[in-house]
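Please open the structure in your viewer and keep the selection tool at hand.

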Amino acid sequence: MSTYLSAENLGHSFHDHWLFKNLTIGINRGRRVALVGINGAGKSTLLKLLAGQFLPVEGKVVQARDLRMGYLEQDPSFDKAYTISDYIFHSDNKQQQLIRQYEELLENDPDNTKAIDKITEEISDSNAWEYEYKIKTILGRLDIHHLNQKIDTLSGGQKKRLALARLLIEDPDVYLLDEPTNHLDIDTIEWLEKLMTEGAKTILMVTHDRYFLDNVCNEILEIDNGKIIPYLGNYGYYLEKKAERESTLELQFQKNTNLLKKELEWMRRQPQARGTKSKARIDAFYDLEDQTKNNGLKGKVELSVKTARQGNKILELHHLYKGFNNQNLVENFNYVFKKGDRIGLAGKNGSGKSTLLNMITGGLAPDKGTVEKGETTVMGYFHQSGIVFKEDDRVIDVVKNVAEFITMADGKTISASALLTLFLFPPKKQYGFIANLSGGEKKRLQLMNLLMKNPNFLILDEPTNDLDIDTLNVLEEFLTNYTGVLMLVSHDRYLLDKLTDQLFIMEGEGRVRIFNGNYSSYRYEQEIAKQEAKNNLIVDKTGTKTQPKKSKLSFKELKELEGLDKEIAAVENKIKALTEELNSGSLDHQQLIDLARQIEGLNNQMDEKSIRWIELTELNES
């Protein structure tokens, strides 16, 4: 198996702190590898080094000759690209430039049939229709439609999806992906899962999404104390083997600790005779000290803060309406929150999830209707955008600005410093600057700030972005035992399944459906409904399958769907005529071969057009 990418004796440091040293890994063709480790372990840095974004302090990165490598960073940059088209389509790729002209004509000048016919013929001549279908599918799935839109007008989420789209279109030899599921809705994540597991793709990725990790990757590399520990299996296998390994380490740690105490007594005896002591034994003492220091039991985030008392009236929503730019996001929604409610919000990006949350928290006034909050209700709102910390503030000062002392769930009071330690911020980090924290550490600090206020109505809007898996596991444990009302917006299906038993589903055009069950139950219902819809297809006079439309596609997609109806019917008629000719018994051997080839080619066309027809029909119903 050929090695595409390798790192030899890699070492890198930031702010006089070594993330890792003497790191050696190799990524072979066809391996789908997840890189895991706590926030600040160096996962994103390792990806950047492998992608050639900057040079390591020590060691080297080696690529196979002519390797095409694709790197998706957490916060993509766009060089000098001005519009989406500039970024997506390469100027030196003739097929891409033809597709670009075709797409821009359809969007900006759809009635110019002469120009469209001309470019259509050129695309046919260059055999680019399959490529055009692939590009259109990827852009559509990632909700990228207006190719002339300026990149600097896009949101952070749109930019991430745009960078992912270009990567998928290019289909490199190696995918280096840093949190690829951030800013994607769940339907799109499930589509991306299928795409990533098709063919023999080579992938190295950092992700906190455990379902995605489990479904895509067949190998895991954990960065732990600057070393790489391999696990040849999926996420479930990794958890099992990691638990075994940590159990062994715990036993070894206890043995080392006991031995260290004895050796320490020996080292302290008769200091005046230190020079006569065995040099080997002294060296062994220092080695043992290092081992014990670095391999002790890892700290765990312990989230157990007090929850404020909750009265009978919590929060009531009466006839809420909200819209923007002539688009209804919430229409006549009513709900009375009860003690113990655990509600997940589901829906596509832009369907109104954050709008509903902002009305609930009072950050946005409804167009009509009322939000009535109980007197004892204490809101805690974890925003997607997060708290903006001052980069030159010290971590401990950020916490002390909220409170010097915090009451825990058991009634005990602890200092801000002690709470930071529970949240895996050791004293050295507490007195360090915010600027030195990783993205995940900043999120953890934001979460801690929120919980210190003892909320009894907790709203979490995409809390999993940038958090490491260890912190997520403990966050889940806390939220499982949380006694207040919980509302959760997350693209993490694992989190939704584990923590919620009811969903508010933003169905579009202002409809908010209340579903009793978790996300997997909802998806199961959707799959059953989709299957029933396929079984009830209407067959028109031409034999073309059609379905009643429930919602409108874009103008361009409607035109395409109408065209496909006619194209499929025409191809069906051609196949029928050629098949009759094939069975006539009047053809010689060579004519039979030629006709069979024509029919095979038409059948392939039929498959492609049918797949696209099904996709557009499903989009029209969603």
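A residue is called buried when its relative accessible area is under 20%, exposed when it is over 50%, and partly exposed in between, with a 1.4 Å probe and protein chains only. This is a predicted model, in which local features need pLDDT of at least 70 and side-chain atom pairs count only at pLDDT 80 or more, while totals for chains, interfaces and linings use all residues. Residues are numbered from 1 along each chain as its sequence is written, and side-chain values use heavy atoms, with hydrogens and water left out.

**First stop: strand β3**

Select residues 32–36, which form strand β3. Helices (H or I, at least four residues) and strands (E, at least two) are DSSP runs, numbered from the N terminus. Five of the five residues of β3 are buried, so the strand is largely enclosed by the rest of the structure. R32, A34 and V36 point one way, whereas V33 and L35 point the other way. In a regular strand the side chains alternate between the two faces of the sheet.

**Second stop: K348 and helix α11**

Select K348, in the loop between β12 (342–346) and α11 (353–361). K348 is partly exposed, because its relative accessible area is 37%. Continue to T361, which lies in helix α11. T361 is also partly exposed, with a relative accessible area of 27%. Now select L315 as well: T361 and L315 are 46 residues apart in sequence and 10.0 Å apart in space, C-alpha to C-alpha.

Most residues other than glycine have a negative phi, and most peptide bonds are trans. Select D143, whose phi is positive, near 60°. D143 is found in the loop between α5 (129–141) and α6 (156–170), and its relative accessible area of 41% makes it partly exposed.

Finally, select N325, which has a positive phi of about 50° although it is not a glycine. Its place is in the loop between β10 (315–324) and β11 (327–336). Is N325 buried or exposed? N325 counts as exposed, because its relative accessibility is 78%.
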